[in-house]
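Subject: Structure handover

Hello,

Here is the structure for your files. Notes on what was found in it follow below.

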Amino acid sequence: MKKILLLVWLANCLAAAGAMASSPSISNPRCEYRKNPVGVDALQPRLSWVVESGGRGVTQSAWQVLVASSPELLKKNQGDLWDSGKVNSDQSIQIEYAGKTPAAGQSCFWKVRVWNQDGQASGWSGPASWTMGLLNTADWKARWIGAPEALVAKSDLTGTNRYAMKPAPFFRKTFAVSKSVKRATAFASALGAYELHLNGRPVDSDVLSPGWTDFSKRVHYFGYDVTAQLKRGENVLGAILGDGWYAGFLAFTHKRHYYGGDPRLLVQLQIEYQDGTSEIIGTDESWKAATGPIRENDLQMGCVYEIGRASCRERV
């Protein structure tokens with residue numbers, strides 16, 4: 001009798017362990033294939049996730065997505081932007097957002113849970129987010145700026161070198177923050193290539209942003225969450241502007257300025273404060289311009305870097 005009871009107990013334990021092993025969990029929540037992207041310009045961005053389990057043969061049979069306007073509401077399981085309800089589907093990629101239309105620059109916070117083939121629900125995934133981009137021309141309050149011609153004269157003063165190039169201009173804007181910041185988002189673009197800095201540090205590890213495009217048809221821009229880089233008191237937003245593909249030599253043309261003239265910069269920093277107010281710091285005529293150690297820059301021809309001017313770069 002004792003042996004029978006022991007076998008029954010072992011069978012129950014194995015069944016319980018199997019059920020636990022087959023319980024699904026969620027990892028790698030993504031929006032438009034990226035982790036917590038900033039600058040999403042799709043009104044119905046696509047969401048995806050990965051279903052994991054310690055068991056074999058576990059499949060997803062349904063899902064539910066919550067999207068909220070704040071982390072606090074999401075934590076309370078309140079999807080004020082979208083509550084999909086339980087959707088019977090095994091799809092876990094390219095799930096189109098179908099909630100309220102978000103505003104330009106708005107941050108959306110989301111999570112997902114799924115059910116397996118036996119109707120067993122997972123827990124909620126960890127919180128994820130996306131931030132909308134600037135969807136219309138009117139959303140851009142910043143203006144394109146460039147360096148004065150006298151500031152970026154060609155390095156070849158004799159005019160005999162047709163391959164002579166201009167130094168890269170450095171731009172700088174000082175502003176003050178006197179209130180508690182809820183969120184700060186920077187959007188940047190260039191006719192050329194830029195490197196954006198805030199308080200002396202790059203805002204990201206990007207290089208040659210915003211990348212190559214047919215500038216006669218479109219211009220790309222990037223978005224960055226820079227909340228952690230802002231501080232109370234004086235702040236400095238800076239950028240280095242290079243020729244990039246816009247103004248530099250292109251291999252198939254053997255000439256410069258295939259798309260246009262000298263490079264231009266566009267930056268818009270949007271600050272949301274804890275008291276509900278907001279502020280925009282954008283490129284305009286008030287930005288200061290100078291040159292630094294980068295005396296020539298080109299993707300094909302290389303770079304001339306003057307060590308004696310290196311301290312200028314540290315002040316961007």
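The protein chain has four helices and 20 strands, where helices (H or I, at least four residues) and strands (E, at least two) are DSSP runs numbered from the N terminus. This is a predicted model: local features need pLDDT of at least 70 and side-chain atom pairs count only at pLDDT 80 or more, while totals for chains, interfaces and linings use all residues. Residues are numbered from 1 along each chain as its sequence is written, and side-chain values use heavy atoms, with hydrogens and water left out.

Overall figures

Of the 316 residues in the protein chain, 44% count as buried; buried means under 20% relative accessible area, exposed over 50%, and partly exposed in between (1.4 Å probe, protein chains only). The accessible surface of the chain is about 16800 Å², and carbon and sulfur atoms hold 52% of that (Shrake-Rupley method, 1.4 Å probe; for residues, only the protein chains shown count as cover). Taking contacts between residues at least 6 apart in sequence, 70% join residues at least 24 apart, a contact being heavy atoms within 4.5 Å.

β16 (residues 264-273) pairs with β17 in the antiparallel sense over five bridges, and Gln268 stands opposite Gly282 in β17.

Loops on either side of β14

Ser209 is in the loop between β13 (201-202) and β14 and counts as buried at 2% relative accessibility. Leaving aside residues up to four places away in sequence, Ser209 touches Gly192, Ala193, Tyr194, Phe222 and Tyr224. Lys231 is in the loop between β14 and β15 (233-242) and is partly exposed at 47%. With the sequence neighbours up to four places away again set aside, Lys231 touches Val177 and Asn199. Lys231 and Val177 are 54 residues apart in sequence, yet 6.9 Å apart in space, C-alpha to C-alpha.

Salt bridges

There are 10 salt bridges, counted where a side-chain nitrogen of Lys or Arg is within 4 Å of a carboxyl oxygen of Asp or Glu. In one of them Glu32 meets Arg46, with the closest N and O atoms 2.8 Å apart. Glu32 lies in the loop between β1 (25-31) and β2 (38-40) and Arg46 in strand β3 (residues 46-52), so this pair ties together parts 14 residues apart in sequence. Arg46 is partly exposed, at 30%.

Lys166 and Glu149 form another, at 3.1 Å from N to O. Both lie in the loop between β9 (128-132) and β10 (169-177), so the pair ties together parts 17 residues apart in sequence. Lys166 is buried at 10% relative accessibility, whereas Glu149 is partly exposed at 48%.

Arg309 and Glu306 also meet in a salt bridge (3.3 Å, N to O); Arg309 is partly exposed at 29%, and Glu306 is partly exposed at 36%. Salt bridges with shared partners join Glu149, Lys166 and Asp262 into one network.

Regards

Conventions
Pairing = 2+ DSSP bridges.
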